[in-house]
Each structure stands twice: as C-alpha cells, then as structure tokens.
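Me: I am new to reading protein models. Can you take me through one, feature by feature?

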Amino acid sequence: MSRLEAKKPPLFISEPLTKDLVSQSLSLLSGILRSCYGPAGRLKQLHNGVGGYVCTTSQSSAILSRLSVSHPVLSVLTASVQNHISRFSDCGLFTAILCCSLIENLKSLNVASCTVIKISKHLLRLCMDYLKSEACGCRVAVDFSSIENLLCLVRGVLTSKPACMLNKSEVDHLAMLILKAFLFTVPCHVETDAVLGKCVIVPVKGGRVADSTVLSGLLIETPEIQLAKPLTVKRTYSNMIKIALFCVSMSGDCFNHEEGTITVHQGISLEMSELDQLLNVGKQLVNDEVGLVVCQKVIHPSLKQYLKENHVIVVDRAGLSLMEPLSRMTGSKPIASIHLLSPSCYGSLKDVCLESFASKHFVHLIPKETVICSLILCNRNETAWDELKRACETAEHVLQLTIKEPLALLGGGCTETHLASYVRYKSGSLSASSLNDIDCSRAQYQLVADGFCRSLESVACSLKHDDGEVLTDMVYGHCWFVPSGFPSVSNWSDLVSKCGCGINGNTENLNWRLLQGQFGSSVIQGCPKVSSVKVADFLTLDCFAAKCSGLQVALETANLILDLSYVIEDQN
C-alpha cells in the first residue's frame, strides 16, 4: 500500500533550554508544584477533557500521574520524579521543585554546562558526605524504643496533605493508629532475613475520622452474613481453626468453551458433573475438620449450603489483593484446582468473629501471631478518603524506610537552609587542589555553589504561601517564617518564636537574613552550629532516605537536562 503522504523528516531542536516554550513550560510546572508544597499548600483539581473522575489533591504522586506533559524535557523531569516516588513514596514535591529550581538557576550562569555539571556533582558529594556524617546538624537519630520521633515522622506526612481535611486531634489519632499498624507488621521473633508484614487498608467512606481503628489480622467484607446470628465455627483438637484458601472459581461453570472442544458422552451433564466434584471437595473439607473456607472468586450456592450445614464458615469473592496476606497470615497455600486437594495446603487461625463498621459487615480473621493487620480508615467523603489513603500508605512506607536506616532530617525548610549555609561555608574555603581536580576557577565554583544554595533556599521559601517573609538565622542556618502584614524593616526577633522544624526558639541573638529565593545574593558566613535536639511533640521531621534520594535525583536530573544539546522528534 502506498503512503497517503510523504514521510516527514525528524525535527531537530538545538539547545532546547534556550527556547521560550521550554522555559515557559518549566516555569509553569514549577509554579504548579510550588503552590502545592507543605501544610498550607493549595489544592489542585485534575480531570480529563471529557469529564469523568475529578481528583482533588496536592500530592505529587497524584498530580504527576494525571498531568499531561508533552515536551520531552519536561517528560524527563516528571518521569525521574515519578521513579523516585515509586521507590520512596515521600519527598516527591521536594524533588521536583528542587530540580526545576536548579535548572532555572544554573542555566542562566555564564559558565559552560560541562563545568556546571562537574561542580554540581562535587557539591552533591559534599552534601551527601555531610548528611551521612555524625557531625551533621540537620540530622536526628530515631530511637525505636520511644515513639515520639516516630509520631513526628507520621504527623509530618499527614499534616503536609491538606486535602485530607484533618484537624489536630484527627492527625494525632491517625498518627497513633498508623504507628500501631506498623508495629503490628514487625515480627516479634527477628531472624536473619526478617520480613515486615503487611497493613491492609479497609475503606469506610462517609464515616468520622475518629472512628478509624486498627485490628490485628484481616477483615473480609461479607454482606451475606447476619450479625444477629451467633457464629459457630468448627475447631481442631488444639482449639485452632483450620482454613482452606481457594484461588480458583468454585461456581460450577469452570469449563471455558473458547479454550477448545469438549466431548461429552450421552446422558452426562457437565453442570451436574462439576457440582458433584464440588460437593466431593466439600465432603473432604468437612472430614479434614476445616472450619473456614475462603475463596478468591465465587462459590456455588449448593456447596455453600452444604458447608454451612456442617458448621464451616464460607467467605467468597475475597478478591486477589487479599490472597497474599491471607496466605502469609494463616500459613495456607492457595488451592488452584478442585480436582487436587492436599491437607498440606491448609492453614490455621486463632479465632474468627464478626465486626461491623458504619453499614458494612466483616468477618474478622484473628491470627496466632500478628504480622498482618487491618487499618479501618474512615473519612468524610470519597475525595478526602482517597487523599488520606495515599497519605497513610506514604507514612507506612516512611516508617519502613526508617527502620532500615533509623535517621530523620529536620523538616519545615530547616534542612534546606542549613545545607545551603553549610555549602556556602565550605565553598568559601575550597582548596586550590580541589579546584584543579574539578578543572574550574574559584569564580566559576562560587557561581555554581551560589546557584545551588539559592535553589535549596527557594524550596524552603515554597512552604510560605502568603505575603510573609522567610528568614534564615546566621547561627544554626534554620528556616523561620514571619506572619504576613509586617514590613521588611521590622525587628524580626519580635515576630518569630520557633524555627520551621521546631527545635530552635528565639532565645538568643541569631542575626537574621532574608531569604529571597532565586533572587538572593551570595552570602559569606561561618559554619552553621548543631542544634541540641530535644524530643518534643511539635518537632517536624522528614524521612532521611527519601530526602537524600530526592536531593540526588533532583541534581542528577537537572544535570541531565542542562547537558541536552538536541531534542529529536519524530513528526510522523
């Protein structure tokens, strides 16, 4: 077949960062993400052009997955941030905002891109070495024998998601529940290859947040079971409940005619043959003293009735998502065929009972040892519940990362401004041999270092969404927020009481400096001091692993984009 039109040659775009379209798109993306940042972030509503589901959120995972980005440069940026989110769940906005700011600040320097990249890599190593050192002034050790810092980490995640619509008491209640659920998933007997358990979130939309709770074991929704009837269940001689877990349909219509031809002898009914086989399975389950049968799919009504008459609890339509935690919690192996049933596939439970939340009825499976738990999550409406579910999953992941590396970073913009102060101090005393290794002049290094520091400080400034000023002190290098309505010539000591993370109070002469984001000028200052960390309820902490990764991803992605010489687009 001949072509209807001639094949077009590819489009070559040289120096893409110098084009107005790219700069405008990058600035727009940066503005959208900055406006979402922090506890006072503005919400975004995302939906497609033909209607459908509307997502109200300020979370990077929801925004970037629904945001349509057409330019290749922005696609690289968003894909890089999404990959970070998929691995760490947290600090997505931090990563994206810092990356945008680095590109905007570093591309305007009168320094060759290859030199900018070499210097920025050196600055990244400087930051990472500092963050991983014992002398780091923005790092906090997390003690798992005390819950205060753990609760601060969880609160930090919840309070940064305004679309969850939580008040302070609800944040405190949920933070305790999330921490309790996480501790349920930590094995009691730690082995060499210990594996964390799983927390399954059970939705109750339209309920009060205060009604949320955590239960050990699993809840399976069962509208058919009546709470008024007493629950009688068959037990083994050891007072345990034997469970059989089926991952195959037991509806009696397993034959799929699309898979091939079936030859049936005259007078034989496929349906009756299949039902007989199901009833034989039921008899074996009763003889093997099975007290609970859970099926991922549908169970035939006749088999259900037979099992119930023999005091076997039946739960069908459990769904694929519950198969793995059910198997792990009970020790049962999912049975994939009704024609081959081995007693070694059975698992066991400590108890089974009925629970009711709002208008939903559940069978509660209680294990002997808890590594699987259920978080019954309630919120006012579907939009707030969806946002809260994402926040709870992020908080759980943050705790999982923290148990691997029990450290946290100061939140509220203090890590960013403290790092900027440290880099400014170190860059002012860089040795001549280090400059020779990087192959740059001192002036070039200072220019790039200043752009790097202004990028970090601009992330901290993004936490402020009104007209108030943002300050940093010249002693600890922490971030301070001034309420709106005061002139820039005010006595700052009278207007601030606590820094962004909550560690430092305004109790000494701290020598303030205004943060002007990307328009700030280079500042010479001493090495920032280390604050004395005191455990407090109001401390704002960020996930160490997630923020360190975000810093690396932001700078490496910015370097990649700054190094782009051509974009080649296929126009066909």
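Predicted model: local features only at pLDDT ≥ 70, side-chain atom pairs only at ≥ 80, totals over all residues.

Me: Let's begin with charge. What should I look for in a salt bridge?

Reply: Side chains of opposite charge can pair when their charged atoms come close. Here, a search of the whole structure finds 20 salt bridges.

Me: Which residue does Glu170 pair with, and how far apart are the closest N and O atoms?

Reply: The partner is Arg380, and the closest N and O atoms are 2.6 Å apart. Now look at where the two sit. Glu170 is in helix 7, residues 168-184. Arg380 is in the loop between strand 14 (372-379) and helix 11 (382-404). The two residues are 210 residues apart, so this pair links distant parts of the chain.

Me: Is Glu170 buried or exposed?

Reply: Buried means under 20% relative accessible area. Glu170 has 11% relative accessibility, so it counts as buried. Arg380, at 40%, counts as partly exposed.

Me: Where in the fold do Asp386 and Lys205 lie?

Reply: Their side chains meet in a salt bridge, at 3.9 Å from N to O. Asp386 lies in helix 11 and Lys205 in strand 5 (residues 198-205), so the pair ties together parts 181 residues apart in sequence. Asp386 is buried, with a relative accessible area of 15%. Lys205 is partly exposed, at 41%.

Me: What about Arg317 and Asp316: what is the N to O distance there?

Reply: These side chains meet in a salt bridge at 3.6 Å. Check accessibility again. Arg317 is exposed, with a relative accessible area of 55%. Asp316 counts as buried, at 9%. Salt bridges can also share partners: they join Arg424, Asp450, Arg454, Glu457 and Arg513 into one network.

Me: Now the pocket. What is the volume of the largest pocket?

Reply: Its volume is about 890 Å³. Next, ask what surrounds it. The lining has 42 residues, and Pro39, Gly156, Thr159, Ser160 and Thr540 lie nearest the centre.

Me: Which element gives the largest share of the lining?

Reply: Helix 6 does, with six residues. Among the other elements that supply at least two residues each are helix 2 (60-66), helix 4 (92-107) and strand 19 (541-543). Domain 1 and domain 2 each give at least three residues to the lining.

Me: How many lining residues fall in each class?

Reply: There are 18 nonpolar, 15 polar and nine charged residues.

Me: Finally, one residue. Where is Leu365?

Reply: Leu365 is in strand 13, residues 360-366. It is buried, with a relative accessible area of 0%.

Me: What does Leu365 touch, leaving out residues up to four places away in sequence?

Reply: Its contacts include Ser216, Gly217, Leu218, Ile220 and Leu292. Met329 and Val352 are also among them. For a distance across the fold, take Cys199: it is 166 residues from Leu365 in sequence and 14 Å away in space, C-alpha to C-alpha.

Note on methods
Residues numbered from 1 in each chain as written. Heavy atoms only, no water. Salt bridge = Lys/Arg side-chain N within 4 Å of Asp/Glu carboxyl O. Helix = DSSP H or I, 4+ residues; strand = E, 2+ residues; numbered from the N terminus. Buried < 20%, exposed > 50% of the residue type's maximum accessible area, 1.4 Å probe, protein only. 1 Å grid on protein atoms, 1.4 Å probe; cavity = no way out; pocket = protein on both sides within 12 Å on 5 of 7 lines; lining within 4 Å. Points joined across faces, edges and corners; volume = space filled by probe spheres on them. Nonpolar A, V, L, I, M, F, W, Y, C, P; charged D, E, K, R; others polar. Domains from an automatic or database assignment. Contact = heavy atoms within 4.5 Å.
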